[in-house]
Amino acid sequence: MKKVTKGQWNGYDTYILHSRELEVTLLPRLGNNIIGIRDLVNQREVLRRPDENDLDFYLQKPYHFGIPLLIPPGRIRRGRFTYAGQTYQFDQNTANDNHIHGLHRTQSWCVSDIEEDEDGCSVTTEFVTSDDPNWMRQYPVPLKLEMILRLQGASLTQTFRITNLGTAAAPFGLGLHTWFLIDGEPENWNLKLPVSRLYVTDEEIITTGETAPLGDLEALNDSLNLKGTNFDTPLQIGGKPAEALLLRKDGYGLKYSADPAYFKHWVLYTKGEADQFLCIEPYTWLPDAPNLSIPHEESGLLDIKPEQSLELTLNLQMVYPEPEPA
């Protein structure tokens, strides 16, 4: 059962990690996206999975499915910033000529290792940004990106290693736009998300660096029912556990956690009023971090020196209700 098999999606190879509880589908050649997690215990899809006929939409907006990588996440004002004497100009791809959700889209990652053992299985993938002229045009410091995806039982771990291959410091941010399904039943789902403050955004939906009280969202620290919620909301973790608990009323659900040393922000997104999806998005940097006049420790901007590597880890753990006593 603890094995990796190959499949296909629209003619592109997929790698499927198997355990008794889960079947996880990775699409390395179109952005290294985890396009599906099937819960075999409940015969249920955990993520918004792209259908075969979604290819055109996926190629245009791959961050609308699965667990896409945002490098860097969120909006950057006019797509422009300066860091360590280097000017960066990202493509302006939103209203108001801002940039959103980074340079990582559908690049082809290479599978460098597959492991299967008694405890689980893993797939290692890598991508070097200097192989992509379009990336280098916008972000001229070359990076090597690696991801180890490991499945053990009902637990899925993503470990990212980012290495600066250049001669200048690299300003780095990573986020995941994770699309959890709530099955058209928001009233049956509750979210516990330890957070301390809201981030203020301006009329262009760009963070200003300022924070505000949570107000009604204080309930996230205990448990917030998703019925009637409408999120496009950046939140400060503020030293609390970097851990989201999404549970159905019967006790079924998942725990989604991130390395608190690097992931300092969550964004919640429902694509309108909550119905089919809840995106729980862990971010290392606050959107527009290089342009904010707050310390890097607060914005989460990671400064990667030449030849330096960073490791970032996230974990998704399914939660199953305790069986009723006989």
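**Close-up views of a predicted model**

**View 1. A buried aromatic pair.** Tyr 256 and Trp 266 are both buried, and in this predicted model their rings form a tilted aromatic pair, with 6.2 Å from centre to centre and 45° between the planes. Tyr 256 belongs to strand β24 (residues 253-258) and Trp 266 to strand β25 (residues 265-269), so the contact ties together parts that are 10 residues apart in sequence. The pair is one of 16 aromatic pairs found in a search of the whole structure.

View 2. Phe 81, Tyr 88, Phe 90, Tyr 139 and Trp 285 are joined into a cluster by ring pairs. Arg 48 has contacts with rings of another kind: this residue lies over the face of Phe 65, at 4.8 Å from the ring centre, and its charged end also sits over the ring of Trp 179, 5.0 Å from the centre of that ring.

View 3. Side chains of opposite charge can pair when their charged atoms come close. Glu 204 and Arg 78 form a salt bridge in which the closest N and O atoms are 2.8 Å apart. The two residues are 126 residues apart, with Glu 204 in the loop between β19 (197-201) and β20 (207-212), and Arg 78 in the loop between β7 (75-76) and β8 (80-83). Glu 204 counts as buried because its relative accessibility is 12%, under the 20% cut-off, whereas Arg 78, at 34% relative accessibility, counts as partly exposed. Both residues also belong to a network of salt bridges that links Arg 77, Arg 78, Asp 202 and Glu 204.

**View 4. Two further salt bridges.** A search of the whole structure finds 14 salt bridges, among them one formed by Arg 161 with Glu 146, where the closest N and O atoms are 3.6 Å apart. Arg 161 lies in strand β14 (residues 155-164) and Glu 146 in strand β13 (residues 143-152), so this pair ties together parts that are 15 residues apart in sequence. Arg 161 counts as partly exposed, with a relative accessibility of 28%, while Glu 146 has a relative accessibility of 14% and counts as buried. Asp 303 forms a salt bridge with Lys 305, the closest N and O atoms of this pair being 2.8 Å apart. Asp 303 is partly exposed, with a relative accessible area of 24%, and Lys 305, at 44% relative accessibility, likewise counts as partly exposed.

**View 5. An open antiparallel sheet.** The sheet is built from 9 strands, which follow the order β11-β12-β13-β14-β28-β24-β23-β18-β21 with antiparallel pairing. Its edges are formed by β11 (110-116) and β21 (224-225), each of which pairs on one side only. Within the sheet, β14 runs antiparallel to strand β28 (residues 309-319), and 9 bridges join the two. Leu 156 stands opposite Leu 316, a residue of β28.

Technical notes: Residues numbered from 1 in each chain as written. Predicted model: local features only at pLDDT ≥ 70, side-chain atom pairs only at ≥ 80, totals over all residues. Heavy atoms only, no water. Phe/Tyr/Trp six-rings, centres within 6.5 Å; stacked < 30°, edge-to-face > 60°. Helix = DSSP H or I, 4+ residues; strand = E, 2+ residues; numbered from the N terminus. Buried < 20%, exposed > 50% of the residue type's maximum accessible area, 1.4 Å probe, protein only. Lys NZ or Arg CZ within 6 Å of the ring centre and 35° of its normal. Salt bridge = Lys/Arg side-chain N within 4 Å of Asp/Glu carboxyl O. Pairing = 2+ DSSP bridges.
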